[in-house]
Structures are given as structure tokens and as C-alpha cells.
Amino acid sequence: MSLRTAKIVSLLVTLIGAIVLWQGSTFSSLGNQQGYEPVQPINFSHKLHAGDNQIACLYCHSGADKSKVAGIPAASTCMNCHQRILKDSPEIQKITRAIDENKPIEWVKVNDLPDHAIFNHSRHVIASIKCQQCHGAVETMDRISQADTLSMGSCVACHRSHREVTLDEVGRPVVSEEATAKKLMASTDCSVCHH
Ligand code: HEC
Ligand code: HEC
Ligand code: HEC
Ligand code: HEC
Ligand code: HEC
């Protein structure tokens, strides 16, 4: 191999490497965490609470219809029930200990948008969009996983469709006279979701 060929080969290798790196970083900046299902510090089951025992989502996520964040319940909310129910279970003892030591339970955040994107729970919940539309069938999950891509594409697709339609009780778009009468206007302006 001549020196010249060697130089071209090494240039090509560098270029290909750069392209692979660039694509990799584009991927990670898209941050698609769909399916992310971290282990939590307490073995809390939505299936058991929201499914089998039908405790309302808003009982624990009381910010969802009032503010930007849905919020994670404080340990004291758990004790509304667990000072009686299963209080000797090792998992429940972890809650008691957190309260005694005055330490928050360190739940691992699952759904997490990048800081440059703005989201607001109450606007969606008041517009009758079901939690399940974005979070999947939470009431069947023993451990929470991220159901949606939460990509800009998925936000914008729904915002666009809401210029003409509204949603039924399970969150599917419906077109009807009534729906048209109370149609929602979801903007697709960049500034609505980015500051
Ligand atoms: C008894 C309290 C309780 C009820 C009822 C409850 N949750 Fe939760 N939820 C929690 C706790 C605690 C966490 C944090 C631990 C975890 O992720 O499992 C959580 C986490 C979540 C998360 C993930 C948060 C993140 O980090 O992204 C979603 C989404 C969620 N809940 C939705 C719902 C929905 C929808 C319902 C109703 C179908 C519901 N929850 C009912 C207590 C509750
Ligand atoms: C409104 C009542 C209520 C609230 C509030 C509540 N739980 Fe429960 N929890 C229950 C019931 C009912 C069971 C199932 C009891 C059974 O199976 O006998 C349960 C079971 C559990 C279990 C299973 C324990 C075991 O050993 O099997 C864990 C862990 C748990 N809850 C954690 C939590 C945490 C953490 C919170 C707060 C974020 C919470 N619970 C809030 C009612 C509640
Ligand atoms: C239109 C989509 C959408 C709907 C509807 C929705 N969420 Fe969320 N949820 C999100 C997004 C996006 C995040 C991540 C927000 C962030 O990281 O800034 C999130 C985060 C959460 C979290 C983590 C804590 C927080 O507030 O950031 C919980 C808990 C939660 N949602 C519960 C609920 C519940 C309960 C409902 C229904 C009452 C609901 N969500 C309805 C999209 C939605
Ligand atoms: C299932 C449909 C749906 C999805 C998915 C959805 N939205 Fe929305 N969004 C709406 C509707 C409908 C409204 C308008 C509600 C109203 O009229 O008050 C809205 C309103 C908003 C607003 C308030 C706009 C304003 O004028 O202040 C923001 C911000 C927003 N959405 C961000 C997001 C982001 C970010 C995502 C993705 C993570 C998302 N939305 C996903 C349906 C959706
Ligand atoms: C309905 C909400 C919504 C609207 C409207 C919206 N975005 Fe986004 N955008 C998001 C969310 C959520 C993310 C983060 C998730 C992702 O990267 O897909 C994002 C990510 C981005 C990113 C970063 C992409 C990356 O690779 O990290 C850019 C750049 C961007 N948006 C530009 C725009 C521009 C320009 C407009 C107007 C034409 C716009 N957005 C309108 C919700 C929105």
C-alpha cells in the first residue's frame, strides 16, 4: 500500500467513525426512553393499587388536574392506609423508616422530558385526555415503564389532530357534531412547547 493510499484509507476510517459517532449522539439527544422500567426503592405496584383496589390516580397524583406536575405522593399519603394495612410487611417498613428518619423515598423518575420542552398536566387532564393516552395501561403495571416515546413527533401529532377532533373516554379521536362543538385548540407553535 502506498503512503497516499494509506492516507486516504485512514481519512475514510476517520470519516466513517465521525458519522457513526454523530448518528449515535443524534440518537441519544432524541432521548427515546420508551420501555424504560427502572427498579424502584420500594416494590410499589400500580396493578395492586390502581387496578385491583381501584384507588383513583388523583388520590396519589393530586397535582395532575391542578398544575404543571402530577407529583409523586409523600410517604405520609401511603400511611393513610398502611398504618393499618400490612404494616408489618418489610416493604411497608421501608415507608415507616423513611418517615421516622425524615428522609424522602428516592423514587426513580421514569418519564422525563429534556429541560427545553414544556409540558403541563392540568391543561391535558382538564381537556379530558386520559392518563393512559400518554402513560399506557398503568393500572395493569406491577412496575411502571415509559409507555410512550414522548417525542416531539408524538406531541405534535396529537396537537395537530385536535384542530378538528376531540377524544372519547378512552382517548381515541372522535368526529361528531358534539365533538366539533366543543373542539379543543391545541397549538403547534414552537413557543407553546419551547421557551
Ligand atoms: C396509592 C398511590 C398511587 C396511585 C393510586 C397511583 N399512583 Fe402512580 N405512582 C405512585 C408512586 C409512589 C409512584 C412512584 C413509584 C413508581 O414509579 O412506581 C408513581 C409513579 C407513577 C408514574 C411514573 C412517574 C414517573 O416517574 O414518570 C406514572 C405515569 C403514574 N404513577 C401514573 C398513575 C396513573 C395513571 C394512576 C391511575 C391509573 C396512578 N398512577 C395511580 C403512586 C400512585
Ligand atoms: C388508599 C389505601 C392505600 C394507599 C394510600 C396506599 N396503599 Fe399500598 N396497599 C393498599 C392495599 C389495599 C394493599 C393490598 C393489601 C393486601 O393485598 O392485602 C396494598 C399493598 C401494598 C404493598 C404490598 C406489600 C406486601 O408486602 O405485599 C406495598 C409495597 C404498598 N402497598 C406500598 C404503598 C406505598 C409505597 C404507598 C404510597 C405511595 C401506598 N402503598 C399507598 C392500600 C393502599
Ligand atoms: C398528554 C400526555 C400526558 C397525559 C394525558 C398525562 N401525562 Fe403524566 N406525564 C407526561 C409527560 C410528558 C411527563 C414528563 C414530564 C416532564 O418530564 O417534564 C409526565 C410525567 C408524569 C409523572 C411524573 C411526575 C411529574 O409530574 O412529572 C406522573 C406521576 C404522571 N405523569 C402522572 C399522570 C397522571 C396520574 C395522569 C392523569 C391524571 C397523567 N400523568 C396524564 C404526559 C402526560
Ligand atoms: C392525546 C393528545 C395530546 C398529546 C399526546 C399531547 N398533547 Fe399537549 N395538548 C393537547 C390538547 C387538546 C391541548 C389543549 C388543551 C386546551 O384546550 O386547554 C394541549 C395543550 C398543551 C399545552 C398548553 C398550550 C398553551 O396554549 O398553553 C402544552 C404546553 C402542551 N400541550 C404540551 C405538550 C407536550 C410537550 C406534549 C408531548 C410530551 C403534548 N402536549 C402531548 C393534546 C395533547
Ligand atoms: C406540542 C409540543 C411541541 C411543539 C409544538 C414543538 N416541539 Fe420541539 N420538542 C418537543 C418535545 C417534547 C421535545 C423533546 C423530545 C424530542 O427530542 O423529541 C422537542 C424537541 C425539540 C428539539 C430538539 C431535538 C433534539 O434532537 O434534541 C428541537 C430543535 C425542537 N424541538 C424544535 C422545535 C421547533 C423549531 C418547533 C416549531 C416548528 C417545535 N419544536 C415545536 C415538543 C414540541
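Three helices, α6 (121-126), α8 (152-161) and α10 (190-193), each contribute at least two residues to the shell around ligand 4; helices are DSSP runs of H or I with at least four residues, numbered from the N terminus. The largest contribution is that of α8, with three residues. The model is predicted, so local features need pLDDT of at least 70 and side-chain atom pairs count only at pLDDT 80 or more, whereas totals for chains, interfaces and linings use all residues. Residues are numbered from 1 along each chain as its sequence is written, chains are lettered from A and ligands numbered from 1 in the order in which they are written, and side-chain values use heavy atoms, without hydrogens and water.

**Shell around ligand 4**

- There are 16 residues around ligand 4, and R123, H124, C155, C158 and H159 come nearest; a residue is near a molecule if one of its heavy atoms lies within 4 Å of it.
- Sorted by class, the shell around ligand 4 holds eleven nonpolar, four polar and one charged residues. Nonpolar covers Ala, Val, Leu, Ile, Met, Phe, Trp, Tyr, Cys and Pro, charged covers Asp, Glu, Lys and Arg, and the others, Gly among them, are polar.

**Polar contacts with ligand 4**

- R123 places a polar side-chain atom 2.9 Å from an oxygen atom of ligand 4; a polar contact is a pair of N or O atoms within 3.5 Å.
- In H124, a polar side-chain atom lies 2.7 Å from a nitrogen atom of ligand 4.
- The side chain of H159 has an N or O atom 2.8 Å from a nitrogen atom of ligand 4.

**Salt bridges**

- The whole structure contains five salt bridges, a salt bridge being a side-chain nitrogen of Lys or Arg within 4 Å of a carboxyl oxygen of Asp or Glu.
- K47 and D52 form one of them, with the closest N and O atoms 3.5 Å apart. K47 is partly exposed because its relative accessibility is 32%; buried means under 20% relative accessible area, exposed over 50%, and partly exposed in between (1.4 Å probe, protein chains only).
- E91 and K94 are joined by a salt bridge with an N to O distance of 3.1 Å. Both E91 and K94 belong to helix α5 (residues 90-100), where they are three residues apart, about one turn of the helix. K94 is partly exposed at 30% relative accessibility, and E91 is partly exposed with a relative accessible area of 26%.
- A salt bridge also links E101 with K103, the closest N and O atoms being 3.3 Å apart. E101 counts as partly exposed at 44% relative accessibility, whereas K103 counts as exposed at 53%.

Methods: A polar contact is a pair of N or O atoms within 3.5 Å; within protein, one must be able to donate a hydrogen and the other to accept it, and residues adjacent in sequence count only if both atoms are side-chain atoms.
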